[in-house]
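I opened this notebook to record what I looked up in the structure shown below. The entries follow the order of my reading.

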Amino acid sequence: MRSSARFNASCEEVLLRLFRSFTASSEVVRHRGAFISFVVALALFAAPHSLHAQSDCLACHGDKSMQDAAGHSIAVDGSTFSASIHGSMKCNNCHADIKEYPHPEHIARVECKSCHADEASSLAGSVHSSSKDHPCSSCHGDAHSIFPKSDSRSAVYPLNIPKTCGNCHGTDGMARKHGLPSVYPNYMDSIHGFALSKEGLLVAANCQSCHGSHKILSRKDPQSPTFKANIPKTCGTCHAKIDADYERGSHGHAVASGNLKAPVCTDCHTAHAILQPTESEFRMQSTPICGSCHKDKLSTYHDTFHSQLGSLGGYVETARCWDCHGAHEIYPTADPRSPVAKANLVATCGKCHAGANLSFVQYQPHANAHDRKLNPALFYVRLFMNLLLISVLTFFVIHTILWLIRSRFDQVRRNGSNGGNNA
Ligand code: HEC
Ligand code: HEC
Ligand code: HEC
Ligand code: HEC
Ligand code: HEC
Ligand code: HEC
Ligand code: HEC
Ligand code: HEC
Ligand code: HEC
Ligand code: HEC
Ligand code: HEC
């Protein structure tokens with residue numbers, strides 16, 4: 001027999017509750033009909049009473065202090081429930097096996113999937129597949145206060161999603177138990193998180209925009225919107241022009257043709273800690289990012305005035321990789337669309353150097369004296385200087401050795417002639 005700690009339902013008490021609900025739910029019967037409804041209730045109870053309307057159930061469960069034997073609240077807030085998306089349903093549309101009181105010995109769990117099969121099957125194929133660890137309520141909240149996703153009270157309303165996911169993905173346990181970084185704090189400090197939480201910008205990217213909702217997949221899965229090759233399209237759903245520029249350029253082409261060594265949006269911007277690109281913090285950290293793949297170009301750039309200016313400490317306006325090459329629409333130098341193609345150099349350098357002309361742009365931003373093909377003049381000058389150095393050195397070494405031999409020879413000769421004198 002099911003037992004209840006707080007609720008020792010005597011017949012009278014149940015009848016009284018039903019009676020109260022009947023009188024409350026109908027203004028008309030308040031006085032003249034009160035007695036009639038009491039009789040109806042009595043009839044119901046004698047049946048044994050079958051329960052149809054929400055109000056039938058709420059007559060008992062509407063009591064805020066109601067608890068089951070284990071001390072868990074079994075109260076349901078009737079007004080929140082009736083405002084919720086399922087508010088027009090009868091309680092036993094979901095609690096199908098509860099038709100009367102006393103309730104059956106074993107009450108079946110409500111399966112959301114009986115009505116929402118698509119969402120349930122997507123969830124079952126996702127990273128959150130365990131229905132024990134990830135019941136629908138883990139993201140949608142209490143079963144009796146679910147609102148449409150467009151309602152600001154919903155746990156999956158765009159402005160509430162980061163918090164909903166962050167309940168788990170903002171905890172240290174995530175790193176310890178699952179080896180996943182705690183991304184929520186990073187996201188909240190990012191340009192998207194800021195736009196969402198501080199400006200209430202509904203169109204800013206929230207977790208769902210990049211990951212989806214029910215069929216969330218690991219970034220290692222080629223079907224995932226966060227799989228490396230799919231990232232430009234994922235960001236491009238909102239940043240369409242930048243995506244188009246990127247796809248036209250060398251990096252986009254390389255990725256599209258399967259070269260995953262080339263960068264996608266998140267290699268340069270990160271996924272969750274995206275900064276405003278005009279900020280000095282972004283500009284300072286981006287040169288080494290380009291340089292992490294283009295090591296030779298970074299080291300030659302470091303030899304130039306532009307880089308040395310930038311490394312004086314603090315932030316200085318100087319030419320950085322993308323000021324000359326572009327950030328998204330990047331091409332090889334030989335491509336006439338490249339801002340560093342010969343024909344475009346005057347304009348590119350001229351952005352900062354007013355009055356730049358053909359002779360000014362002879363300056364080599366990646367001068368590399370070791371590269372004969374790229375910098376022949378520099379290469380031969382270096383070769384000549386090196387040869388000169390070597391011949392001068394060789395001359396002096398030979399000269400010194402000969403000098404040593406000769407001075408030794410002189411000494412021996414002098415010693416020999418001294419000995420003759422003493423004898
Ligand atoms: C006469 C009062 C009363 C009415 C009417 C009533 N219940 Fe209950 N309900 C209880 C009590 C008391 C319990 C505690 C367990 C038990 O004794 O069966 C309970 C338990 C439950 C539980 C299980 C809670 C748990 O512990 O997990 C559910 C679900 C439930 N009721 C739903 C309903 C629904 C749906 C209706 C209307 C169709 C309804 N109840 C009508 C009194 C009532
Ligand atoms: C959309 C489906 C749905 C509807 C409609 C619904 N419930 Fe529930 N209810 C649930 C789910 C899911 C749970 C969580 C426990 C479970 O899985 O059975 C639950 C749990 C309960 C519990 C146990 C205590 C708790 O809060 O966990 C009670 C009591 C209850 N419901 C009463 C009601 C009453 C009364 C109504 C009508 C006013 C109602 N429910 C309408 C889905 C529903
Ligand atoms: C990992 C979090 C998460 C879990 C778990 C989850 N949902 Fe959702 N659900 C969401 C998000 C986020 C949205 C909003 C999607 C959007 O904005 O397009 C949503 C939306 C929905 C919608 C509205 C769909 C639409 O397009 O209008 C339904 C219905 C839904 N979920 C049902 C379920 C059911 C049923 C379960 C359990 C089987 C479940 N959800 C589990 C996160 C989740
Ligand atoms: C008996 C069938 C049924 C069950 C069981 C059920 N739902 Fe629903 N649900 C519906 C219907 C019907 C709607 C659409 C109501 C409308 O559009 O007016 C809905 C709507 C929703 C929505 C809102 C979709 C939107 O537009 O944003 C969410 C979220 C949702 N249900 C989640 C759940 C969850 C979570 C559970 C389990 C606790 C659940 N549902 C159980 C029938 C059900
Ligand atoms: C109830 C806690 C919980 C909630 C809420 C939750 N997650 Fe998760 N999530 C997890 C756990 C635990 C894992 C690890 C699953 C595993 O590896 O077994 C995970 C895995 C992931 C992964 C895969 C990481 C990888 O590459 O392996 C992503 C992405 C993710 N969650 C995103 C989300 C998003 C987006 C939301 C909100 C819509 C969300 N999660 C809500 C607990 C949660
Ligand atoms: C602008 C798009 C975007 C947004 C917004 C976003 N993510 Fe991600 N997330 C990604 C990408 C892309 C990856 C793949 C890893 C990478 O490129 O760094 C990822 C990876 C993850 C991972 C796996 C981390 C790992 O190292 O395996 C988790 C967990 C995750 N995201 C959860 C979330 C949660 C929770 C939110 C919201 C608070 C969120 N993400 C918001 C794009 C996004
Ligand atoms: C759901 C749409 C959406 C998606 C998807 C999205 N963004 Fe954004 N993003 C925005 C909006 C809206 C802003 C403007 C925020 C503001 O101005 O406050 C923004 C701002 C930015 C900014 C700051 C520069 C600027 O113009 O304000 C960068 C950088 C950025 N996003 C990169 C990314 C990257 C990288 C991805 C993919 C990993 C991505 N975004 C995915 C909507 C999106
Ligand atoms: C190779 C590195 C790199 C890649 C790949 C990259 N970006 Fe950028 N992005 C930058 C740099 C550097 C800037 C700053 C440009 C400037 O200030 O002139 C920038 C600027 C931006 C801005 C600010 C607005 C603007 O037009 O300057 C947004 C938004 C943005 N990127 C989004 C993206 C998206 C979306 C992708 C992927 C389709 C992407 N980025 C790929 C390096 C990159
Ligand atoms: C994750 C590694 C990576 C990062 C970061 C990166 N690149 Fe690249 N880049 C590549 C690869 C790989 C190619 C070659 C594409 C191909 O084979 O066509 C390339 C091509 C280029 C080219 C064209 C030269 C050619 O041979 O096609 C230029 C110019 C260039 N990158 C500049 C930059 C700049 C500027 C940045 C920073 C804003 C940057 N790259 C960041 C990997 C990277
Ligand atoms: C002041 C302008 C300027 C800056 C700053 C600059 N470059 Fe260049 N870059 C050029 C010019 C001009 C060329 C073509 C001549 C050459 O190769 O020396 C070039 C050539 C290249 C090439 C070879 C392209 C090809 O088609 O083979 C790569 C890759 C490259 N730069 C990457 C970078 C990276 C990475 C940085 C930052 C660390 C950077 N550049 C900074 C102007 C610049
Ligand atoms: C984003 C702005 C910017 C771009 C683009 C740029 N520079 Fe500079 N450059 C600077 C700044 C700032 C200095 C240091 C102040 C000064 O001397 O004007 C500098 C200094 C120099 C110097 C040494 C000092 C001098 O004025 O003689 C040379 C040479 C030079 N740049 C060449 C170039 C060439 C060639 C290009 C095109 C390939 C170029 N720069 C593109 C900003 C830029």
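Entry one, ligand 4. I noted first that the model is a predicted one. I sorted the shell around ligand 4 by class and found nine nonpolar, five polar and one charged residues. I then looked up the size of that shell: 15 residues surround ligand 4. The closest of them are Cys-112, Cys-115, Cys-136, Pro-148 and Lys-149.

I next asked why ligand 4 lies between domain 1 (11-110) and domain 2 (127-211). Both domains give residues to the shell around ligand 4, and therefore the ligand lies between them.

Which residues come nearest to ligand 6? I found 22 residues around ligand 6, and Cys-165, His-169, Cys-207, Cys-210 and Ala-271 come nearest. The elements giving two or more residues to this shell are helix 8 (161-169), helix 10 (183-189) and helix 12 (207-211). By class, I recorded twelve nonpolar residues, nine polar residues and one charged residue in the shell around ligand 6.

I also checked the domains here. Ligand 6 lies between domain 2 (127-211) and domain 3 (217-274), because both give residues to its shell.

Entry three, the protein chain as a whole. How many helices and strands does the protein chain have? I recorded 22 helices and zero strands. Of the 423 residues in the protein chain, 17% are buried. Finally, I looked up contacts between residues at least 6 apart in sequence, and 47% of these join residues at least 24 apart.

Terms used. Residues are numbered from 1 along each chain as its sequence is written. Chains are lettered from A and ligands numbered from 1 in the order in which they are written. This is a predicted model: local features need pLDDT of at least 70, side-chain atom pairs count only at pLDDT 80 or more; totals for chains, interfaces and linings use all residues. A residue is near a molecule or strand if its C-beta atom, placed from the backbone, lies within 6 Å of it. Helices (H or I, at least four residues) and strands (E, at least two) are DSSP runs, numbered from the N terminus. Ala, Val, Leu, Ile, Met, Phe, Trp, Tyr, Cys and Pro count as nonpolar, Asp, Glu, Lys and Arg as charged, and the others, Gly among them, as polar. Domain bounds come from an automatic or database domain assignment. A residue is buried if 20 or more other C-beta atoms lie within 10 Å of its own, exposed if 12 or fewer, and partly exposed in between; C-beta atoms are placed from the backbone. Two residues are in contact if their C-beta atoms, placed from the backbone, lie within 7 Å.
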